[in-house]
Amino acid sequence: MSEPKIVLEAKGVTKQFPGVLANDNVDFDLRKGEIHALLGENGAGKSTLMNLIYGLHHPDKGEIFVNGKHIAIHSPNDSIAAGIGMVHQHFMLIPVFTVAENVMLGDETTKRGSLDRVAVAAKINKISKQYGLDVDANALVGPLPVGIQQRVEIVKTLYRNAEIVILDEPTAVLTPQEAEDLFRIMRDLTARGVSIIFITHKLKEVLAVADRITVMRAGRVINTVKPSETDSAQLANMMVGRQVILTVNKKDHEAAEEILKVEGLSVRDQRDLETVHNVSFTVRGGEVLGIAGVQGNGQTELSEALTGLRSPTSGKVTIGGKDLTGKPPRIITEAGLAHIPEDRQRHGLVLSYTVADNMALCDYYQIPFSVRGVIQPKALDENSRKLISAYDVRTPSPFVNAGKLSGGNQQKVIVARELSRGNVKLVVANQPTRGLDVGSIEYIHSEIIKMRDRGVAVLLISAELDEIMALSDRIAVMYRGQIVAIVDSKKTTREQLGLWMAGAHVEPA
């Protein structure tokens with residue numbers, strides 16, 4: 001039996017940015033009707049390669065072929081004309097437009113000088129039916145669930161006659177049920193001759209859905225394998241270049257006294273909309289309480305209210321017996337809070353400061369870093385060198401600006417600063433491994449469990465359900481600003497949690 005036709009091929013593609021060789025003589029091909037997964041650490045070159053194929057960057061060297069024909073791609077319009085579509089991790093949709101208006105944006109169909117919404121809707125409904133996408137062309141995009149919005153993005157590519165679809169981290173914001181639905185759609189697409197490049201960091205998904213897997217590391221292709229020829233451990237090894245422990249080893253927890261108590265907490269966002277409504281829960285020393293939920297259900301505002309970044313409108317927050325409701329971050333930090341924020345660059349680091357300065361941000365004004373109001377550079381230097389070694393921060397020196405480090409190493413600077421302080425009673429870790437590779441994830445998971453085993457209370461907020469289930473002793477599910485269930489992590493399933501995350505308020509068994 002002959003191999004399927006190659007519909008896309010990159011040959012010897014090289015791309016260099018100042019100080020970084022992002023793609024180094026990369027060869028990659030995609031066959032008709034296949035799902036070809038692209039794996040790699042942050043900075044491995046995956047996104048650069050896809051941006052070259054989609055016309056967002058231009059290669060310094062190498063060639064790209066579509067259906068055997070060499071094409072010069074200068075912009076996304078060239079890629080779209082060649083039958084290539086891309087669904088970005090962050091959707092490119094306008095909430096106040098309908099599905100039809102979003103789909104035809106930039107490729108408008110008119111009739112007598114006006115937009116022909118009827119013709120566009122008819123074409124969308126035909127595509128939707130053909131590929132099992134189940135999208136209502138006349139629905140407003142804003143209120144649609146995330147999984148349906150993603151389908152709209154896929155319809156956009158098919159509307160423009162894409163035969164090659166690039167999916168960039170497509171399951172990052174989906175519930176397990178929505179992810180399974182996406183995999184069904186992907187298989188339906190390939191069964192009808194569409195070819196898919198699937199970029200992800202989730203090894204289980206790759207093994208479940210891909211026909212072939214290409215692993216990149218440091219800008220180069222390491223290997224291309226079939227799922228039947230490999231496993232998660234081998235893929236992680238190829239990605240990182242060393243053995244990675246993929247399972248979280250933790251002993252049974254021994255919960256101690258109550259550290260965090262949240263009572264009837266309500267919080268409004270910057271639009272003055274109530275995004276957290278009457279939330280109550282506790283976290284004890286020596287346990288991890290995981291908060292699961294699709295992003296955008298109040299987790300951000302809850303975290304900000306607990307850490308002093310946003311004032312609640314009502315309710316009470318107690319840490320270690322102290323009422324800290326609405327107190328500023330410094331007061332809460334001094335009471336024993338360690339905070340790994342959702343946005344490391346906005347709330348976790350001062351990017352223009354050195355690594356040494358960032359590692360002392362919580363207590364720079366205290367001895368030994370400050371004596372009679374004067375900063376002590378030697379103490380900052382000694383502290384940073386100790387933490388760089390202990391927490392394996394990859395930096396040329398403590399005096400490099402934090403903004404020059406990779407995402408994983410920026411996160412390690414935050415983790416080192418927050419978890420090394422002696423008075424920590426509570427850790428609030430919000431999306432602690434977002435955007436990180438398997439090596440960095442392994443490290444941060446182990447540090448969180450070490451804190452828990454030392455008797456610290458840990459509140460883990462994550463959109464990654466595997467992370468929640470691996471680390472948590474108890475799991476609370478947030479949906480539309482409320483806690484809809486709190487369960488023992490050993491007495492629930494991904495499917496049950498996914499139902500709660502999607503708003504199906506089924507009582508726990």
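**View 1. A nonpolar surface patch is formed by Ile94, Val96 and Leu105.** In this predicted model, the three side chains make up a patch of about 250 Å². Leucine 105 sits in the loop that runs between α3 (99-104) and β7 (110-111). The relative accessible area of leucine 105 is 40%, so this residue is classed as partly exposed.

**View 2. Helices α5 and α6 cross at roughly 20 degrees.** Two packed helices are described by the angle between their axes and by the distance between those axes. Helix α5 comprises residues 146-159 and helix α6 residues 176-191, and their axes come within 10 Å. The crossing angle makes α5 roughly parallel to α6, because angles under 35 degrees count as roughly parallel. The crossing of α5 and α6 is right-handed.

**View 3. A network of salt bridges links Arg151, Asp181, Arg184 and Asp188.** Side chains of opposite charge can pair when their charged atoms come close. Across the whole structure, the number of salt bridges is 22.

**View 4. Glutamate 153 is a buried residue of helix α5.** Its relative accessible area is 3%. Glutamate 153 and glycine 40 are 113 residues apart along the chain, and a distance of 24 Å separates their C-alpha atoms.

**View 5. Asparagine 161 and glutamate 169 are shown with their backbone phi angles.** Asparagine 161 is not a glycine, yet its phi is positive, at about 65 degrees. This asparagine 161 belongs to the loop between α5 and β9 (164-168). With a relative accessible area of 55%, asparagine 161 is exposed. Glutamate 169, likewise a residue other than glycine, has a positive phi near 45 degrees. Glutamate 169 lies in the loop between β9 and α6. In contrast to the exposed asparagine 161, glutamate 169 is buried, at 14% relative accessibility.

**View 6. Aspartate 60 and lysine 15 form a salt bridge.** The N to O distance between the two side chains is 3.7 Å. Aspartate 60 occupies the loop between α1 (46-54) and β4 (61-66), while lysine 15 is in strand β1 (residues 6-17); the pair therefore ties together parts that are 45 residues apart in sequence. Aspartate 60 is partly exposed, with a relative accessible area of 46%. Lysine 15 is buried, with a relative accessibility of 12%.

**View 7. Arginine 417 and glutamate 418 are joined by a salt bridge.** The closest N and O atoms of the pair are 2.9 Å apart. Glutamate 418 counts as buried at 4% relative accessibility. Arginine 417 is also buried, its relative accessible area being 4%.

**View 8. A salt bridge connects arginine 452 and aspartate 453.** A separation of 2.9 Å is found between the closest N and O atoms. Arginine 452 is buried, at 2% relative accessibility. Aspartate 453, by contrast, is partly exposed, with 36% relative accessibility.

**View 9. Helix α9 is largely enclosed by the rest of the structure.** This description holds because eight of the nine residues of the helix (residues 299-307) are buried. Gln299, Glu301, Leu302 and Ser303 are among the buried residues of α9. The list of buried residues in α9 also includes Glu304, Ala305, Leu306 and Thr307.

**View 10. The peptide bond between isoleucine 367 and proline 368 is cis.** The omega angle of this bond, which runs from isoleucine 367 to proline 368, is near 10 degrees. Proline 368 is located in the loop between α12 (355-358) and β19 (370-371).

Methods: Residues are numbered from 1 along each chain as its sequence is written. This is a predicted model: local features need pLDDT of at least 70, side-chain atom pairs count only at pLDDT 80 or more; totals for chains, interfaces and linings use all residues. Side-chain values use heavy atoms; hydrogens and water are left out. Patches are made of residues with over 30% relative accessible area and no salt bridge: like charges are joined within 9 Å, nonpolar side chains (Val, Leu, Ile, Met, Phe, Trp, Tyr) within 5 Å. Accessible areas come from the Shrake-Rupley method with a 1.4 Å probe; for residues, only the protein chains shown count as cover. A salt bridge is a side-chain nitrogen of Lys or Arg within 4 Å of a carboxyl oxygen of Asp or Glu. Helices (H or I, at least four residues) and strands (E, at least two) are DSSP runs, numbered from the N terminus. Buried means under 20% relative accessible area, exposed over 50%, partly exposed in between (1.4 Å probe, protein chains only). Axes are lines fitted to C-alpha atoms, for helices over the stretch in contact, and angles run from 0 to 180 degrees between N-to-C directions. Angles under 35 degrees count as roughly parallel, over 145 as roughly antiparallel, 65 to 115 as roughly perpendicular and the rest as oblique. A crossing is left-handed if the near helix is turned anticlockwise from the far one by less than a right angle, and right-handed if clockwise.
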